[in-house]
Amino acid sequence: KVIGVVGIGQDITDARAKRDAEMKQRAAEAATAAQATISAHVYHEIRNVVGSVLALADRAMEAVDLALIEDDDELGLKELPARVQELTDHQRLVCQHAVDTLNDMLDVAKMENGTYTPKHEVIDLGDLCRKASALQSPRMRASVNLELNVPSPDSLYVISDSVLLLQYLSNLLSNAAKFTASGGVILVCSVREAGPNWLEVTLGVSDSGPGIPPDAQRHVLRAFTTGDALPQEDRIGGTKSTGIGLRLADLIAHTIAEPSMKPHQDGSVVTMPEGTLSENSLGLFGPGNKSTGLRIESPLNTNHENHVPNGGPGTFIYFQNALQRAPKDAIARHRANPSGESPQEIDFGAYTYELKFKGTMKVLAIDDQRTMRQMVAMIYQKIALEYPGVTIDCYTALSGEQALRMCKKHRFHVVTMDQQMSSEYCRSLMEEITNSERPIGVIPEFVRFGPDKIMNARNRQAYFKQDKWIQDIQPGDGSLLGHEAILKIRQQFQDENLPPVLIFNLTGNLLEADRLMFLEVGSSGMLPKPTKLEDFLNLMKKNMGLYINQGMFQLSENRVLMDAGTENELHIGTRYLREVENSEAVAVERQKLVGPWAGGATQRSAGAPHPTKQQQSNAVGDHS
């Protein structure tokens with residue numbers, strides 16, 4: 001019989017709180033360590049490139065000095081152009097490697113945090129494989145044979161992201177080129193049916209390199225890791241491997257997977273839901289083939305269908321995903337315009353547009369780095385050559401505050417805005433100007449570009465040689481961020497009832513949150529940094545219809561204009577009515593292939609700040 005109960009209790013609240021705090025601290029330390037690792041690799045890459053560029057600049061100066069003192073029948077001066085060309089070519093290669101590496105790192109970051117949305121476009125798989133082969137074949141050694149086991153051109157079309165797929169194949173081929181000293185490399189693309197509108201696509205690269213041991217196969221898919229068998233010649237010089245290529249290829253394989261097959265939080269395995277593909281698609285993929293990421297098979301025995309002879313154990317790296325088969329009408333449009341670079345940009349509505357500038361375009365480039373200001377100026381210089389009917393007056397500013405003052409003084413059609421600007425740079429430049437003597441003569445307020453290529457180059461060089469003297473720098477300049485300056489410019493234009501202006505953000509790190517932030521304050525679109533002529537023209541062409549709807553552009557009959565009917569009138573292009581047989585089908589196709597992932601400006605960025613709740617309420621009342 002129980003005569004009593006004795007209990008002993010202990011309050012573990014503090015112990016549990018302490019344990020939770022320790023776990024959070026460990027997680028924070030791990031995150032900090034990971035961030036430090038990424039930062040270290042980024043700094044390492046930048047340091048290597050800057051060091052290489054400085055060394056090459058010293059060599060170029062040395063070549064000039066030697067040429068000037070070599071008086072053997074002026075042989076030195078005759079050889080100077082070839083020497084300088086060789087050094088600048090090497091310099092360009094090193095800088096391009098840095099840009100490619102940083103772009104890869106940014107792509108990895110966007111894919112890892114889920115902010116990269118792939119495009120949906122028609123792709124000729126056979127043609128894409130041949131493009132990747134042509135890009136990477138020069139990297140193969142003379143003793144390595146590159147073969148294609150892919151569909152013939154114009155025989156297999158899918159819906160996916162061509163840029164991502166090309167990057168994916170380029171990374172795999174580049175990896176194979178580094179590791180394969182003899183034998184061969186095979187680019188493999190095979191397909192089989194996976195339902196009425198789906199194909200199971202196996203896309204990868206097989207090589208006769210030294211292979212990857214099974215216990216190292218997960219390791220090589222991590223960022224900033226490389227195999228021990230990397231050839232020695234790839235470990236030296238300004239373009240050595242960063243170990244990010246296979247990681248990016250793995251992320252691309254996940255990203256382009258069919259949307260309903262996205263990976264779980266662990267980033268590796270998915271379960272294909274019922275109804276996504278045909279009932280027999282799971283059987284085709286097999287229960288062990290549900291990963292949408294990169295797969296590695298190594299070593300390859302001689303019976304393997306992708307074994308490459310006359311080399312080492314070999315490796316086959318590939319993905320096996322379901323891709324949507326392209327509809328026949330979409331294939332027909334692709335065949336009619338395979339490059340996608342037609343001067344007439346289809347808006348999937350009732351009109352097509354042709355970009356053709358005429359008149360005087362006034363532009364403003366805002367950046368605290370002179371190199372970046374020159375880069376933007378060279379874009380406009382190229383536009384003036386490509387469109388002989390336009391003259392471009394290019395102004396520059398160092399800060400958002402200076403841009404605000406200039407927009408009050410001048411009428412600009414296009415403004416490019418950097419995001420990060422430096423108040424310290426503005427202060428130091430003010431001191432430098434104060435303590436220096438202004439050059440004698442007239443210093444132009446802007447640089448003008450026209451149809452004369454030589455004159456354009458001379459004008460640009462002369463302008464940027466003295467441009468600090470025409471900058472209206474004031475105390476406090478450089479404090480505004482780019483998006484803050486855009487908001488103030490839009491507000492200023494609205495308050496003073498000024499004509500609308502296109503404002504493009506120029507940024508090297510465009511995550512989804514940044515894109516939304518820029519559009520909220522009235523950005524007309526985003527350009528990558530460094531940017532190219534094609535980036536600028538494509539952004540303009542893609543959004544001409546949108547800019548008309550926003551009131552940024554005006555229409556006079558079929559002409560697309562800015563400042564129509566004024567002394568500042570600028571001809572942007574021409575709008576054509578196109579025949580549409582089935583508008584419903586066009587609308588469906590537009591949703592299927594061009595959806596919200598197309599990027600660029602949105603209807604919200606209509607040239608004014610995002611409306612307040614009161615403004616929205618008033619707008620609703622007006623419409624009613």
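Aspartate 418 touches Ile366, Asp367, Asp368, Gly482, Leu506 and Lys529, leaving out residues up to four places away in sequence. These contacts belong to a predicted model. Aspartate 418 lies in strand β11, which covers residues 414-418. Its relative accessible area is 5%, so aspartate 418 counts as buried. The UniProt record, an unreviewed entry, places the feature "modified residue: 4-aspartylphosphate" at Asp418. Such an annotation may be inferred rather than shown by experiment.

From here the description turns to strand β10, residues 390-397. Seven of its eight residues are buried, and therefore β10 is largely enclosed by the rest of the structure. Strand β10 has pairing partners to follow. With strand β9 (residues 351-366), β10 pairs in the parallel sense, over eight bridges. Within this pairing, lysine 362 stands opposite aspartate 393 of β10. With strand β12 (residues 447-449), β10 runs antiparallel, and three bridges join the two. Here cysteine 394 stands opposite valine 447 of β12. In a regular strand, side chains alternate between the two faces of the sheet.

The largest nonpolar core has 41 residues. Those with the most contacts inside this core are Phe357, Tyr380, Ile383, Phe536, Phe553 and Ile572. Helix α8 supplies the largest share of the core, eight residues. Apart from neighbours within four places in sequence, tyrosine 380 is in contact with Val363, Ile392, Cys394, Val414, Thr416, Phe449 and Phe536.

Leucine 577 is in strand β17, residues 570-577. Is leucine 577 buried or exposed? Its relative accessible area is 67%, so leucine 577 is exposed. The C-alpha atom of leucine 577 is separated by 6.5 Å from that of threonine 352, although the two residues are 225 residues apart along the chain.

The cysteines come next. How many disulfides does a search of the whole structure find? The search finds zero. A disulfide would need the two sulfur atoms to be within 2.5 Å. Cysteine 129 counts as buried because its relative accessibility is 0%. Cysteine 407 has a relative accessibility of 3%, so cysteine 407 counts as buried too.

Last, some totals for the protein chain. The chain has 17 helices and 17 strands. Of its 624 residues, 43% count as buried. Among contacts between residues at least 6 apart in sequence, 75% join residues at least 24 apart.

Key:
Residues numbered from 1 in each chain as written. Predicted model: local features only at pLDDT ≥ 70, side-chain atom pairs only at ≥ 80, totals over all residues. Heavy atoms only, no water. Buried < 20%, exposed > 50% of the residue type's maximum accessible area, 1.4 Å probe, protein only. Helix = DSSP H or I, 4+ residues; strand = E, 2+ residues; numbered from the N terminus. Pairing = 2+ DSSP bridges. Contact = heavy atoms within 4.5 Å. Core = buried A, V, L, I, M, F, W, Y, C linked by side-chain atoms within 4.5 Å.
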